[in-house]
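Dear colleague,

Please find below the structure I am handing over to you.

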Amino acid sequence: MALRALQATTGRFCSQAVSPLQARAAAQRRSTSASIPTAYAHSQPATVGSSLDFVTRPSQAHTIAAPHRSPPPPTPEPLLAYELVQGALVRYSSGAPSHKVPTAVLVHGILGKRQNMLSFARRLVEGFPNWQVVVVDLRCHGESASHQPPRSQPNTVESAASDVVRLLSALKLFPEMLIGHSFGGKVVLEMTKAWSAAARRVPRPVQVWVLDALPGEVRSGDMGGADRPADLISMLLAMPPVIPSRHWLISQLEAANFSSAVARWAATNLAPLASGAPGLTWAFDLQGIRQMFRSYESTDLWPLLAAPSVGVKYSFVKAERSTFRWGGGDEARIRALGHAVHELPASGHWVHTDNPDGLFDILAPSFGGEVDLHLQRSPGSTPRPSMAAMGVANNIAPSPSALASDRQLQGLMM
């Protein structure tokens, strides 16, 4: 009876004799076959009478759960677009690696891009050829706007600072100096806050320069009564996604009571459509920029100045013709907290283009040099033209009113 059961199960012919040794071998084969996953068994050409024949029968199939697999790691967010501007002694030296070279970081303002800062970055490394300067495009600006996917973080001063810190970490750089203009000034302040949140000290001394910006909340009235950044951003967002031409944009902005200089400057931020179709589009992410500017207005970094981290030195540059109202007690408060405020003469808000020589002189001691380093700059270098003059470079003739409104325009480049 046991012999017949064994023969029926194994698919052997009943006329064959089965020894006890064969019976044990057949039982072992059944035990081994039962551990083979169904998917694998079905991938084999089972034949009648084979030891795998039972696996293909639905009543006897065995299913083994698939092994647990962890979800793939999230795709890392792209790094900010940047340029590394190196002095001659760095470029032509076969000595120390890049992460051991004295490094400064230069950060632009709202509605700007790294190209705005490159001229001054080159001036710095001409004066201090053993230094290098990292110049970035903040999120939503310049090339960083086009290659970055939607982020989980909101577009704020804090997240913008986090982006720069992450870039420096990827480059294996820890800078000796941070320089931020306007919105970028709050970004570099926030960077030091992030670095020292736990230990209250930074790995090495860091000099922070805030160019024509205040550490506290900013009210719209503090930036003049016309051509305010928030109003311009809202106006640009109300435009159609495809702009017919630069002249069309200028006429629309002038009809909305923006100055001619502002309208012409806005037109320089248009780019051809990627498809090659007629029309232009914005070279930055306006929705993200609006969020960033709201964060800039509300971010209060006075507590950081009141309790600075060990190893961090804060200094401010105030433009003589600044669009901010420095006279409200903020300058005295900064000084009372032990931080320096330097006034830059003959300059509006765009300190690095209005008076680059004067700004260089103010920053030079913190680079370890003296003001006579003018001798090391490229001879014959000239300051960048005003915003109204930039319209001429774009084949847009400035009107007398445009020339008169340069100072109003400076307030937009926060």
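This is a predicted model: local features need pLDDT of at least 70, side-chain atom pairs count only at pLDDT 80 or more; totals for chains, interfaces and linings use all residues.

The buried residues in H5 are Asn116, Met117, Leu118, Phe120, Ala121, Arg123, Leu124, Val125 and Gly127.

Two packed helices are described by the angle between their axes and the distance between the axes. I have therefore set out two helix pairs in those terms.

The axes of H5 (residues 115-127) and H16 (residues 356-363) come within 11 Å and cross at roughly 50 degrees. This angle makes H5 oblique to H16, and their crossing is right-handed. On the H5 side, Phe120, Arg123, Leu124 and Gly127 take part, and they meet Pro356, Asp357, Leu359, Phe360 and Leu363 in H16. Sorted by class, this contact has six nonpolar, one polar and two charged residues.

The second pair is H10 with H11. The axes of H10 (residues 246-255) and H11 (residues 260-267) come within 9 Å, with a crossing angle of roughly 145 degrees. The crossing of H10 and H11 is right-handed. H10 contributes Arg246, Leu249, Ile250, Leu253 and Glu254 to the contact, while H11 contributes Ser260, Ala263, Arg264, Ala266 and Ala267. By class, six of these residues are nonpolar, one is polar and three are charged.

Yours sincerely

Methods. Residues are numbered from 1 along each chain as its sequence is written. Side-chain values use heavy atoms; hydrogens and water are left out. Axes are lines fitted to C-alpha atoms, for helices over the stretch in contact, and angles run from 0 to 180 degrees between N-to-C directions. Helices (H or I, at least four residues) and strands (E, at least two) are DSSP runs, numbered from the N terminus. Angles under 35 degrees count as roughly parallel, over 145 as roughly antiparallel, 65 to 115 as roughly perpendicular and the rest as oblique. A crossing is left-handed if the near helix is turned anticlockwise from the far one by less than a right angle, and right-handed if clockwise. Contact means heavy atoms within 4.5 Å. Ala, Val, Leu, Ile, Met, Phe, Trp, Tyr, Cys and Pro count as nonpolar, Asp, Glu, Lys and Arg as charged, and the others, Gly among them, as polar. Buried means under 20% relative accessible area, exposed over 50%, partly exposed in between (1.4 Å probe, protein chains only).
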